[in-house]
Number of protein chains: 2
Amino acid sequence: MSAFSSVGILGAGAWGTALATVAARAGRRTVLWGRDGAVIEALNARGENPRYLPGIALSDRFEATTDLAAAADCDLILLVTPAQTVRATARLAASHVAEGCPVVLCAKGIERETGHLLGDILAQEMPQARPAVLSGPSFATDVARGLPTAVTVAAEDGDLADAIAAALSSPTFRPYAATDVVGVEIAGALKNVLAIAAGAVCGRQLGKSAEAALIARGFAEIRRFAARRGAEAETLMGLSGLGDLVLTCSTTQSRNYAFGTKLGAGARVDDLLAAGQPLAEGALTAGVARNLAKAEGIDMPIAEVVADIVETGLGIDDAIARLMGRPLKRENG
Amino acid sequence: MSAFSSVGILGAGAWGTALATVAARAGRRTVLWGRDGAVIEALNARGENPRYLPGIALSDRFEATTDLAAAADCDLILLVTPAQTVRATARLAASHVAEGCPVVLCAKGIERETGHLLGDILAQEMPQARPAVLSGPSFATDVARGLPTAVTVAAEDGDLADAIAAALSSPTFRPYAATDVVGVEIAGALKNVLAIAAGAVCGRQLGKSAEAALIARGFAEIRRFAARRGAEAETLMGLSGLGDLVLTCSTTQSRNYAFGTKLGAGARVDDLLAAGQPLAEGALTAGVARNLAKAEGIDMPIAEVVADIVETGLGIDDAIARLMGRPLKRENG
């Protein structure tokens, strides 16, 4: 049936574990690689990831291992480590991955030090891989529990995207194939920045109307940035764009939104960024996004105020006043 | 300063009253017309609309009246009655409105009996008016309280849209001008149908991921419908499209979303549609939208299941299974 009989998943965090259940549920032989021996042992012994998905009994079984070669030796590979560690993982796994093997990027972000998208990193570190990307509105807990989910799977070769979508599809997980890899990547990286802003509006109790306006105007910023990089408008309007943005800005289940709500309620940025706090990827991405936008002459006022909030401690009220005080303009100007 | 010194508002419900505060706050002489003498008296006596915005002290004062001619004799008119009564109100006011007077439609919906958009109705009943439309993410309570809000104001003549935007603008109310009247109208009408579906997913406890996917795929339906009518994709991605959709699907402050959550939790449609229940415009629009889509060959599976839920009592689980069980496809196919 499927073009892929086995799926290897690199990264046994919440999302990697959830995607392992997806592949297993779809009928693929599934191997999940992680570095934490205790997590791997618990996954194999009792079908639970006690560190990242505590309390969720994974109904679909798969093999977990600390042997990278075993996972990298599959027909299809999903790379699911955090954005800032994708380079290290790709480098580590490169020698185990066969020529032409499809590798699906499942993290979201921009490399802080270089401004590179994750696809660029994969091309540099694992040039023999055929790159693809999976993104969309999908909390790991929802997916692990088997609640209905729909995502985008993009590869430049549409047939490859179709084959990956088919390999992961099940009655509760519906992948839509697409070809605009860059569009999917950019939408995934920038929505985290907006989620911080939307959370701040919520935490400051400025009303749901203000929050929705901020999401819409922030979406216009993402579209401007993505268009400059050659992304298609259609992609941005889809699951990986609009869909994921809506999810990320809808609940404090999202770390970035939660980070914003605390800022809006008066927390100090330094305290929120201190070690031991949950990672808000958007706080890392805001500055590099602002810098890229400035360098390319793209108007991104919301990303800019988020970067200023994170870097210089700009206050929420001053940030709102700055956004509302801009000259009146045409919506699509 | 402004091209318009006076603003007449037809309809003293929650949204009409909120928009009267907007016009007054922007420095316009403002006249609000309503039929309920007790509401009008309370507005004039103590700056409160006890029926539709109870407990909110309106800080920006305006004149309220039961004299339609007084409101219709202004430089700029906002028509703010519910969608299904726009025709009756326009007919009633037509003889009082000067040739070439701009009339801004502020309701959202499709006339059930005819399938007409509100702009069509205005052209039929008040042909001397210059039509415009105001829409966007804006709960009346947020706007009446002076919380920050941004909306779209569209007119085919961009200069007119600019002038209306300038006339209503204040530090807490930011209108963006646009020219795509039909796009704004369609987005406003169809989002209510989607909100019912999103609410049902919430009420059935299917997870935020499923809800976000439904919003994204529903947005694709709205775009298909709007494109067929000549709307611009940009409009759909803006405040009146994406922004309003996000707001309407985010909280039970929205009557349509609340209607959906009750359905999802097991309430019977007939009970929810019974007299005395709050009006969920989307329940009225779903059937006519589905019929228009079928007649024009537009694929709208979500609008279709909402219509079937409302009309034939289709169950939520069957509706979800129908949506998830469709053949795999390209996202932008």
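In chain B, helix α8 (residues 181-203) passes helix α11 in a right-handed crossing, meaning the near helix is turned clockwise from the far one by less than a right angle. This is a predicted model, where local features need pLDDT of at least 70, side-chain atom pairs count only at pLDDT 80 or more, and totals for chains, interfaces and linings use all residues. Residues are numbered from 1 along each chain as written, chains are lettered from A and ligands numbered from 1 in written order, and side-chain values use heavy atoms, leaving out hydrogens and water.

**The helix pair in chain B**
- Contact (heavy atoms within 4.5 Å) involves residues including B:V184, B:A187 and B:G188 of α8(B), and B:S240, B:G241 and B:D244 of α11(B).
- The axes of α8(B) and α11(B) (residues 239-248) lie 9 Å apart, at an angle of about 25 degrees; axes here are lines fitted to C-alpha atoms over the stretch in contact, with angles from 0 to 180 degrees between N-to-C directions.
- The two helices are therefore roughly parallel, a label for angles under 35 degrees.

**Strands in chain A**
- Helices (H or I, at least four residues) and strands (E, at least two) are DSSP runs, numbered from the N terminus.
- Strand β2(A) (residues 29-33) has four of its five residues buried, that is, under 20% relative accessible area with a 1.4 Å probe, protein chains only.
- β1(A) (residues 6-10) runs parallel to β2(A), joined by five bridges; strands pair if DSSP finds at least two.
- A:G8 sits opposite A:V31 of β2(A).
- Three bridges link β2(A) to the parallel β3(A) (residues 63-65), with A:L32 partnered by A:A64.

Notes. Buried means under 20% relative accessible area, exposed over 50%, partly exposed in between (1.4 Å probe, protein chains only). Angles under 35 degrees count as roughly parallel, over 145 as roughly antiparallel, 65 to 115 as roughly perpendicular and the rest as oblique.
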